[in-house]
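I opened the notebook to look up a few things in this structure. My notes are below, in the order I took them.

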Amino acid sequence: MTKAFKTLDDMGDVQGKRVLVREDLNVPMADGRVTDDTRLRATIATVTELADKGAIVLILAHFGRPKGQRNPEFSLAMLTQPYSDVLGRPVRFINDVAGEAAEAAVATLNPGDIAILENTRFHAGEEKNDAELAAQIAKLGDLYVNDAFSAAHRAHVSTEGLARQLPAFAGRAMEAELDALEKALGNPQHPVAAVVGGAKVSTKLAVLKHLVGKVDHLIIGGGMANTFLAARGVDVGKSLCEHDLTGTAEEILDAADKAGCTVHLPYDVVVAKEFKPNPETRTVNVHEVAADEMILDLGPNAVEALGDVLKNCRTLVWNGPLGAFETPPFDMATVALAKTAAALTQDGSLVSVAGGGDTVAALNQAGVGTQFTFVSTAGGAFLEWMEGQDLPGVAALTA
(Lines give C-alpha, C1' and ligand atoms only; values in the text may rest on other atoms or scores of the structure.)
Protein backbone atom coordinates (compact mmCIF):
# COMPACT_ATOMS: atom_id res chain seq x y z
CA MET A 1 0.00 0.00 0.00
CA THR A 2 1.35 3.43 -0.96
CA LYS A 3 1.52 5.71 2.05
CA ALA A 4 -0.04 9.17 1.89
CA PHE A 5 3.11 10.62 3.51
CA LYS A 6 6.83 10.27 2.92
CA THR A 7 8.99 8.44 5.47
CA LEU A 8 12.71 8.11 6.14
CA ASP A 9 12.74 5.47 3.38
CA ASP A 10 12.01 8.23 0.86
CA MET A 11 14.79 10.61 1.95
CA GLY A 12 17.58 9.29 -0.20
CA ASP A 13 21.22 9.86 0.80
CA VAL A 14 21.40 12.00 3.95
CA GLN A 15 25.19 11.88 4.39
CA GLY A 16 26.26 15.35 5.56
CA LYS A 17 22.70 16.71 5.28
CA ARG A 18 21.32 18.79 8.16
CA VAL A 19 18.02 17.24 9.24
CA LEU A 20 15.66 19.17 11.52
CA VAL A 21 13.75 16.56 13.53
CA ARG A 22 10.70 17.55 15.57
CA GLU A 23 10.48 15.27 18.61
CA ASP A 24 8.43 15.34 21.80
CA LEU A 25 10.87 15.77 24.68
CA ASN A 26 8.27 17.31 27.01
CA VAL A 27 8.98 14.80 29.78
CA PRO A 28 7.99 15.01 33.45
CA MET A 29 10.81 16.14 35.74
CA ALA A 30 11.34 16.46 39.49
CA ASP A 31 14.39 17.93 41.22
CA GLY A 32 16.19 18.19 37.89
CA ARG A 33 15.69 14.52 37.05
CA VAL A 34 13.53 12.92 34.35
CA THR A 35 10.88 10.83 36.14
CA ASP A 36 9.54 9.07 33.02
CA ASP A 37 11.73 8.74 29.91
CA THR A 38 9.08 7.08 27.70
CA ARG A 39 9.02 10.02 25.28
CA LEU A 40 12.81 10.13 25.07
CA ARG A 41 12.98 6.43 24.25
CA ALA A 42 10.31 6.84 21.56
CA THR A 43 12.73 9.02 19.58
CA ILE A 44 15.61 6.55 19.46
CA ALA A 45 14.69 4.80 16.19
CA THR A 46 14.52 7.97 14.10
CA VAL A 47 17.44 9.86 15.62
CA THR A 48 19.90 6.96 15.60
CA GLU A 49 18.94 5.89 12.08
CA LEU A 50 19.60 9.37 10.70
CA ALA A 51 22.86 9.77 12.66
CA ASP A 52 24.07 6.33 11.55
CA LYS A 53 23.42 7.33 7.94
CA GLY A 54 25.69 10.35 8.38
CA ALA A 55 23.10 13.07 8.84
CA ILE A 56 23.64 16.03 11.15
CA VAL A 57 20.61 15.61 13.42
CA LEU A 58 19.12 18.82 14.83
CA ILE A 59 16.35 18.11 17.32
CA LEU A 60 13.51 20.57 17.74
CA ALA A 61 11.23 20.31 20.77
CA HIS A 62 9.23 22.33 23.25
CA PHE A 63 9.28 22.06 27.02
CA GLY A 64 6.54 23.44 29.25
CA ARG A 65 4.83 26.77 28.64
CA PRO A 66 7.42 29.58 28.67
CA LYS A 67 4.95 31.86 26.85
CA GLY A 68 7.25 33.02 24.09
CA GLN A 69 10.08 34.18 26.34
CA ARG A 70 13.44 32.82 27.41
CA ASN A 71 13.12 31.18 30.81
CA PRO A 72 15.94 29.03 32.21
CA GLU A 73 13.33 26.96 34.06
CA PHE A 74 12.18 25.62 30.67
CA SER A 75 15.55 25.30 28.94
CA LEU A 76 16.20 22.07 27.06
CA ALA A 77 19.83 22.30 28.19
CA MET A 78 18.84 20.24 31.25
CA LEU A 79 17.70 17.39 28.99
CA THR A 80 20.98 17.10 27.09
CA GLN A 81 22.63 14.65 29.48
CA PRO A 82 19.51 12.50 30.20
CA TYR A 83 18.88 12.30 26.45
CA SER A 84 22.50 11.37 25.79
CA ASP A 85 22.14 8.58 28.38
CA VAL A 86 19.01 7.26 26.63
CA LEU A 87 20.60 7.34 23.17
CA GLY A 88 23.92 5.95 24.39
CA ARG A 89 25.84 8.56 22.40
CA PRO A 90 26.87 12.19 22.92
CA VAL A 91 24.35 14.98 22.37
CA ARG A 92 25.31 18.63 21.90
CA PHE A 93 23.17 21.58 22.99
CA ILE A 94 22.60 24.67 20.86
CA ASN A 95 21.35 27.74 22.68
CA ASP A 96 18.72 28.86 20.12
CA VAL A 97 16.61 27.62 17.21
CA ALA A 98 17.21 30.56 14.90
CA GLY A 99 19.62 33.38 14.21
CA GLU A 100 23.32 33.84 13.56
CA ALA A 101 24.52 32.20 16.80
CA ALA A 102 22.47 29.08 16.07
CA GLU A 103 23.72 29.00 12.47
CA ALA A 104 27.33 29.30 13.64
CA ALA A 105 26.87 26.50 16.19
CA VAL A 106 25.29 24.19 13.61
CA ALA A 107 28.20 24.87 11.24
CA THR A 108 30.58 23.27 13.76
CA LEU A 109 28.74 19.92 13.70
CA ASN A 110 29.97 16.91 11.75
CA PRO A 111 28.07 14.11 9.98
CA GLY A 112 26.59 11.75 12.58
CA ASP A 113 26.44 14.43 15.28
CA ILE A 114 23.25 14.97 17.28
CA ALA A 115 22.25 18.28 18.84
CA ILE A 116 19.21 19.52 20.75
CA LEU A 117 18.21 23.07 19.86
CA GLU A 118 16.78 25.32 22.56
CA ASN A 119 13.05 25.28 23.42
CA THR A 120 11.07 26.31 20.33
CA ARG A 121 8.54 28.06 22.58
CA PHE A 122 11.15 30.62 23.69
CA HIS A 123 10.08 32.38 20.47
CA ALA A 124 6.59 33.91 20.48
CA GLY A 125 6.30 33.11 16.78
CA GLU A 126 6.42 29.34 17.41
CA GLU A 127 2.85 28.97 18.64
CA LYS A 128 1.61 31.60 16.16
CA ASN A 129 3.08 29.55 13.28
CA ASP A 130 4.92 32.67 12.18
CA ALA A 131 6.24 32.33 8.62
CA GLU A 132 9.28 34.52 9.30
CA LEU A 133 10.38 32.35 12.23
CA ALA A 134 9.80 29.24 10.11
CA ALA A 135 12.07 30.68 7.40
CA GLN A 136 14.79 31.48 9.98
CA ILE A 137 14.73 27.98 11.48
CA ALA A 138 14.62 26.42 8.01
CA LYS A 139 18.01 28.05 7.26
CA LEU A 140 19.55 25.60 9.75
CA GLY A 141 18.43 22.49 7.86
CA ASP A 142 18.21 20.81 4.49
CA LEU A 143 15.39 18.40 5.37
CA TYR A 144 12.58 18.27 7.94
CA VAL A 145 11.26 15.25 9.85
CA ASN A 146 8.21 15.28 12.12
CA ASP A 147 8.39 12.46 14.63
CA ALA A 148 6.06 13.97 17.26
CA PHE A 149 2.49 12.80 16.73
CA SER A 150 1.63 14.01 20.24
CA ALA A 151 2.20 17.60 19.06
CA ALA A 152 0.64 17.12 15.61
CA HIS A 153 -2.70 18.68 16.61
CA ARG A 154 -0.93 22.03 16.98
CA ALA A 155 -0.26 24.23 13.94
CA HIS A 156 3.06 25.60 15.21
CA VAL A 157 6.22 26.50 13.34
CA SER A 158 8.02 23.34 14.47
CA THR A 159 5.08 21.03 13.71
CA GLU A 160 3.55 22.56 10.58
CA GLY A 161 5.33 25.68 9.34
CA LEU A 162 8.66 23.97 8.65
CA ALA A 163 6.96 21.33 6.52
CA ARG A 164 6.09 24.19 4.14
CA GLN A 165 9.72 25.35 4.00
CA LEU A 166 11.69 22.11 3.56
CA PRO A 167 11.17 18.62 2.10
CA ALA A 168 9.11 16.95 4.85
CA PHE A 169 9.04 13.35 6.08
CA ALA A 170 7.50 11.31 8.89
CA GLY A 171 9.90 9.85 11.44
CA ARG A 172 9.67 6.23 12.56
CA ALA A 173 7.51 6.95 15.64
CA MET A 174 5.15 9.15 13.59
CA GLU A 175 5.03 6.50 10.85
CA ALA A 176 4.15 3.75 13.35
CA GLU A 177 1.44 5.91 14.90
CA LEU A 178 -0.16 6.83 11.57
CA ASP A 179 -0.04 3.24 10.35
CA ALA A 180 -1.74 2.07 13.56
CA LEU A 181 -4.43 4.75 13.36
CA GLU A 182 -5.12 3.86 9.74
CA LYS A 183 -5.66 0.23 10.77
CA ALA A 184 -7.89 1.30 13.67
CA LEU A 185 -10.32 3.72 12.00
CA GLY A 186 -9.01 4.78 8.59
CA ASN A 187 -9.33 1.44 6.83
CA PRO A 188 -10.07 -1.12 9.57
CA GLN A 189 -11.11 -4.73 9.43
CA HIS A 190 -14.73 -5.05 10.57
CA PRO A 191 -16.39 -5.61 12.96
CA VAL A 192 -14.83 -2.66 14.80
CA ALA A 193 -15.36 -2.00 18.51
CA ALA A 194 -14.56 1.20 20.37
CA VAL A 195 -14.22 1.47 24.13
CA VAL A 196 -14.78 5.03 25.32
CA GLY A 197 -14.58 5.73 29.03
CA GLY A 198 -13.82 8.59 31.35
CA ALA A 199 -15.61 10.79 33.81
CA LYS A 200 -17.70 13.11 31.65
CA VAL A 201 -19.64 12.88 28.40
CA SER A 202 -18.91 16.58 27.83
CA THR A 203 -15.19 15.88 27.25
CA LYS A 204 -15.87 13.13 24.70
CA LEU A 205 -18.97 14.39 22.86
CA ALA A 206 -17.16 14.93 19.56
CA VAL A 207 -15.50 11.49 19.87
CA LEU A 208 -18.81 9.71 20.48
CA LYS A 209 -20.58 11.53 17.66
CA HIS A 210 -17.80 10.65 15.23
CA LEU A 211 -17.43 7.02 16.30
CA VAL A 212 -21.08 5.99 15.92
CA GLY A 213 -20.68 6.40 12.17
CA LYS A 214 -17.38 4.50 12.09
CA VAL A 215 -17.65 1.48 14.40
CA ASP A 216 -19.94 -1.50 14.76
CA HIS A 217 -19.86 -1.65 18.57
CA LEU A 218 -19.53 1.33 20.92
CA ILE A 219 -18.74 0.35 24.51
CA ILE A 220 -19.34 3.23 26.92
CA GLY A 221 -17.84 3.09 30.42
CA GLY A 222 -16.68 5.33 33.23
CA GLY A 223 -18.76 8.14 34.65
CA MET A 224 -20.05 8.98 31.19
CA ALA A 225 -21.97 5.69 31.06
CA ASN A 226 -24.11 7.01 33.92
CA THR A 227 -25.31 9.90 31.75
CA PHE A 228 -26.38 7.43 29.06
CA LEU A 229 -28.08 5.20 31.65
CA ALA A 230 -29.93 8.25 32.98
CA ALA A 231 -30.99 9.07 29.41
CA ARG A 232 -32.55 5.60 29.28
CA GLY A 233 -34.52 6.26 32.45
CA VAL A 234 -32.21 4.54 34.94
CA ASP A 235 -31.96 6.15 38.40
CA VAL A 236 -28.20 6.36 38.99
CA GLY A 237 -28.42 7.56 42.61
CA LYS A 238 -25.46 9.70 43.71
CA SER A 239 -23.33 8.67 40.72
CA LEU A 240 -21.34 11.19 38.72
CA CYS A 241 -23.82 12.11 36.00
CA GLU A 242 -24.29 15.06 33.66
CA HIS A 243 -28.08 15.20 33.83
CA ASP A 244 -28.09 18.30 31.60
CA LEU A 245 -26.62 16.17 28.79
CA THR A 246 -29.14 13.32 28.81
CA GLY A 247 -30.81 14.85 25.74
CA THR A 248 -27.46 14.85 23.92
CA ALA A 249 -26.90 11.24 25.01
CA GLU A 250 -30.28 10.33 23.51
CA GLU A 251 -29.27 11.99 20.23
CA ILE A 252 -26.05 9.93 20.15
CA LEU A 253 -28.02 6.74 20.85
CA ASP A 254 -30.44 7.61 18.01
CA ALA A 255 -27.55 8.34 15.64
CA ALA A 256 -25.99 4.99 16.53
CA ASP A 257 -29.26 3.19 15.77
CA LYS A 258 -29.45 4.85 12.36
CA ALA A 259 -25.82 3.99 11.62
CA GLY A 260 -26.22 0.34 12.64
CA CYS A 261 -23.84 0.78 15.58
CA THR A 262 -24.66 -1.20 18.73
CA VAL A 263 -24.11 0.81 21.91
CA HIS A 264 -23.18 -1.28 24.95
CA LEU A 265 -24.07 0.09 28.38
CA PRO A 266 -23.54 -1.87 31.61
CA TYR A 267 -26.45 -3.82 33.08
CA ASP A 268 -24.70 -4.76 36.28
CA VAL A 269 -22.51 -2.36 38.19
CA VAL A 270 -20.40 -2.07 41.33
CA VAL A 271 -21.74 0.56 43.73
CA ALA A 272 -20.62 2.12 47.01
CA LYS A 273 -21.86 4.83 49.34
CA GLU A 274 -18.40 6.37 49.63
CA PHE A 275 -15.77 7.04 47.00
CA LYS A 276 -12.57 5.95 48.71
CA PRO A 277 -10.17 2.99 48.46
CA ASN A 278 -11.75 -0.36 49.33
CA PRO A 279 -15.11 0.77 50.73
CA GLU A 280 -18.05 -1.57 51.28
CA THR A 281 -19.46 -2.37 47.82
CA ARG A 282 -22.41 -4.13 46.21
CA THR A 283 -22.74 -5.57 42.72
CA VAL A 284 -26.25 -4.88 41.48
CA ASN A 285 -28.41 -4.62 38.38
CA VAL A 286 -28.40 -1.02 37.11
CA HIS A 287 -32.07 -0.72 38.10
CA GLU A 288 -31.21 -1.53 41.74
CA VAL A 289 -28.87 1.40 42.50
CA ALA A 290 -30.01 2.99 45.77
CA ALA A 291 -30.48 6.74 46.11
CA ASP A 292 -27.42 7.05 48.37
CA GLU A 293 -25.12 4.89 46.22
CA MET A 294 -22.81 5.72 43.34
CA ILE A 295 -21.78 3.57 40.36
CA LEU A 296 -17.98 3.22 40.36
CA ASP A 297 -17.31 0.25 38.06
CA LEU A 298 -18.91 -2.24 35.70
CA GLY A 299 -20.08 -5.55 37.13
CA PRO A 300 -18.68 -8.99 36.21
CA ASN A 301 -21.63 -9.94 33.97
CA ALA A 302 -21.23 -6.77 31.91
CA VAL A 303 -17.47 -7.39 31.59
CA GLU A 304 -18.03 -10.97 30.46
CA ALA A 305 -20.57 -9.84 27.85
CA LEU A 306 -18.16 -7.17 26.58
CA GLY A 307 -15.42 -9.79 26.34
CA ASP A 308 -17.74 -11.81 24.10
CA VAL A 309 -18.28 -8.72 21.93
CA LEU A 310 -14.52 -8.32 21.48
CA LYS A 311 -14.15 -12.01 20.58
CA ASN A 312 -16.36 -11.34 17.56
CA CYS A 313 -14.50 -8.19 16.48
CA ARG A 314 -11.41 -7.74 14.32
CA THR A 315 -10.44 -4.21 15.39
CA LEU A 316 -10.54 -2.35 18.71
CA VAL A 317 -9.84 1.30 19.50
CA TRP A 318 -9.77 2.19 23.20
CA ASN A 319 -9.76 5.54 24.99
CA GLY A 320 -10.57 5.86 28.68
CA PRO A 321 -11.12 3.50 31.64
CA LEU A 322 -14.39 1.67 32.36
CA GLY A 323 -14.47 2.57 36.07
CA ALA A 324 -12.70 4.70 38.67
CA PHE A 325 -9.59 2.61 38.02
CA GLU A 326 -7.17 4.64 40.16
CA THR A 327 -9.13 3.68 43.30
CA PRO A 328 -9.25 -0.02 44.23
CA PRO A 329 -11.28 -2.14 43.73
CA PHE A 330 -12.84 -0.09 40.93
CA ASP A 331 -10.16 -1.07 38.41
CA MET A 332 -11.52 -4.61 38.06
CA ALA A 333 -13.60 -4.11 34.90
CA THR A 334 -10.90 -2.12 33.07
CA VAL A 335 -8.21 -4.66 33.97
CA ALA A 336 -10.37 -7.67 33.04
CA LEU A 337 -11.45 -6.31 29.65
CA ALA A 338 -7.92 -5.08 28.89
CA LYS A 339 -6.59 -8.59 29.56
CA THR A 340 -9.21 -10.07 27.24
CA ALA A 341 -8.29 -7.59 24.49
CA ALA A 342 -4.58 -8.30 24.99
CA ALA A 343 -5.11 -12.07 24.77
CA LEU A 344 -7.12 -11.70 21.54
CA THR A 345 -4.40 -9.43 20.14
CA GLN A 346 -1.69 -11.92 21.01
CA ASP A 347 -3.75 -14.68 19.35
CA GLY A 348 -3.76 -12.63 16.16
CA SER A 349 -7.55 -12.24 16.00
CA LEU A 350 -7.74 -8.57 17.04
CA VAL A 351 -5.96 -5.37 16.02
CA SER A 352 -6.00 -3.24 19.18
CA VAL A 353 -5.08 0.43 19.32
CA ALA A 354 -5.30 2.44 22.54
CA GLY A 355 -4.38 5.97 23.50
CA GLY A 356 -4.64 8.75 26.05
CA GLY A 357 -2.89 9.23 29.39
CA ASP A 358 -5.48 7.51 31.58
CA THR A 359 -5.74 4.66 29.12
CA VAL A 360 -2.00 4.04 29.02
CA ALA A 361 -1.91 4.07 32.84
CA ALA A 362 -4.85 1.65 33.01
CA LEU A 363 -3.30 -0.79 30.52
CA ASN A 364 0.00 -0.69 32.37
CA GLN A 365 -1.86 -1.33 35.62
CA ALA A 366 -3.43 -4.37 33.96
CA GLY A 367 0.06 -5.48 32.91
CA VAL A 368 -0.85 -5.50 29.21
CA GLY A 369 0.64 -2.20 28.01
CA THR A 370 2.99 -4.04 25.65
CA GLN A 371 0.43 -6.59 24.45
CA PHE A 372 -1.83 -4.31 22.40
CA THR A 373 -1.05 -3.80 18.71
CA PHE A 374 -0.25 -0.16 19.38
CA VAL A 375 -0.49 2.10 22.42
CA SER A 376 -0.29 5.83 21.75
CA THR A 377 1.15 8.08 24.44
CA ALA A 378 -0.39 11.12 22.71
CA GLY A 379 -3.19 12.76 24.66
CA GLY A 380 -4.84 15.65 22.85
CA ALA A 381 -3.70 14.54 19.40
CA PHE A 382 -5.12 11.04 19.89
CA LEU A 383 -8.44 12.46 21.09
CA GLU A 384 -8.69 14.89 18.17
CA TRP A 385 -7.92 12.03 15.78
CA MET A 386 -10.76 10.02 17.39
CA GLU A 387 -13.00 13.03 16.81
CA GLY A 388 -12.22 12.80 13.09
CA GLN A 389 -10.33 16.10 12.99
CA ASP A 390 -7.50 16.82 10.60
CA LEU A 391 -4.26 17.21 12.55
CA PRO A 392 -2.18 20.11 11.10
CA GLY A 393 1.16 18.36 11.72
CA VAL A 394 -0.02 15.29 9.85
CA ALA A 395 -1.80 17.19 7.08
CA ALA A 396 1.43 19.10 6.38
CA LEU A 397 3.25 15.81 5.74
CA THR A 398 0.64 14.64 3.25
CA ALA A 399 0.17 17.91 1.37
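**Entry: model and domains**

I am working with a predicted model. I looked up the domain assignment for the protein chain. It gives domain 1 as 8–174 and domain 2 as 188–368. I then took the centres of the two domains over C-alpha atoms. Domain 1 and domain 2 are 38 Å apart by that count.

**Entry: the annotated site**

I checked UniProt for a "binding site" feature. The unreviewed entry places it at Asp24, Leu25, Asn26, Arg39, His62, Phe63, Gly64, Arg65, Arg121 and Arg154. Of these residues, Asp24, Asn26 and Arg39 are included in the lining of the largest pocket.

I picked Leu25 from the UniProt list. Where does Leu25 lie? I found Leu25 in the loop between β1 (18–22) and β2 (29–30). Is Leu25 buried or exposed? The relative accessible area of Leu25 is 0%, so I noted Leu25 as buried.

I next asked which residues Leu25 is in contact with, leaving aside neighbours within four places in sequence. The residues are Leu40, Thr43, Ile59, Ala61, His62, Phe63, Leu79, Tyr83 and Ile116. His62 and Phe63 are also among the positions in the UniProt feature.

Gly64 sits in the loop between β4 (56–60) and α3 (80–87). Its relative accessibility is 18%, and buried means under 20%, so Gly64 counts as buried. Not counting residues up to four places away in sequence, Gly64 touches Asn26, Phe74 and Arg121.

**Entry: Asp244**

I moved on to Asp244. This residue is in the loop between α9 (222–231) and α10 (246–259). Is Asp244 buried or exposed? Asp244 counts as exposed because its relative accessibility is 68% and the cut-off for exposed is over 50%. I also took a distance from Asp244 to Thr262, which is 18 residues away along the chain. Their C-alpha atoms are separated by 24 Å.

**Entry: salt bridges**

How many salt bridges does a search of the whole structure find? The search finds 14. Side chains of opposite charge can pair when their charged atoms come close.

Glu49 and Lys53 form a salt bridge, with the closest N and O atoms 2.9 Å apart. Lys53 is partly exposed, at 40% relative accessibility.

Arg172 and Glu175 form another salt bridge, and here the closest N and O atoms are 2.9 Å apart. Both Arg172 and Glu175 are buried. Why are they separated by about one helical turn? Arg172 and Glu175 are three residues apart in helix α7 (residues 172–186), so about one helical turn lies between them.

I then asked what links to these pairs. Asp9, Glu49, Lys53, Arg172 and Glu175 are linked in a network of salt bridges.

Lys273 lies in the loop between β12 (268–272) and β13 (281–285), while Asp292 lies in the loop between β13 and β14 (294–298). The pair therefore ties together parts that are 19 residues apart in sequence. Lys273 is partly exposed, with a relative accessible area of 49%. Asp292 is partly exposed as well, at 35%.

Technical notes
Residues numbered from 1 in each chain as written. Predicted model: local features only at pLDDT ≥ 70, side-chain atom pairs only at ≥ 80, totals over all residues. Heavy atoms only, no water. UniProt positions renumbered as here; feature names shortened; annotations may be inferred. 1 Å grid on protein atoms, 1.4 Å probe; cavity = no way out; pocket = protein on both sides within 12 Å on 5 of 7 lines; lining within 4 Å. Helix = DSSP H or I, 4+ residues; strand = E, 2+ residues; numbered from the N terminus. Buried < 20%, exposed > 50% of the residue type's maximum accessible area, 1.4 Å probe, protein only. Contact = heavy atoms within 4.5 Å. Domains from an automatic or database assignment. Salt bridge = Lys/Arg side-chain N within 4 Å of Asp/Glu carboxyl O.
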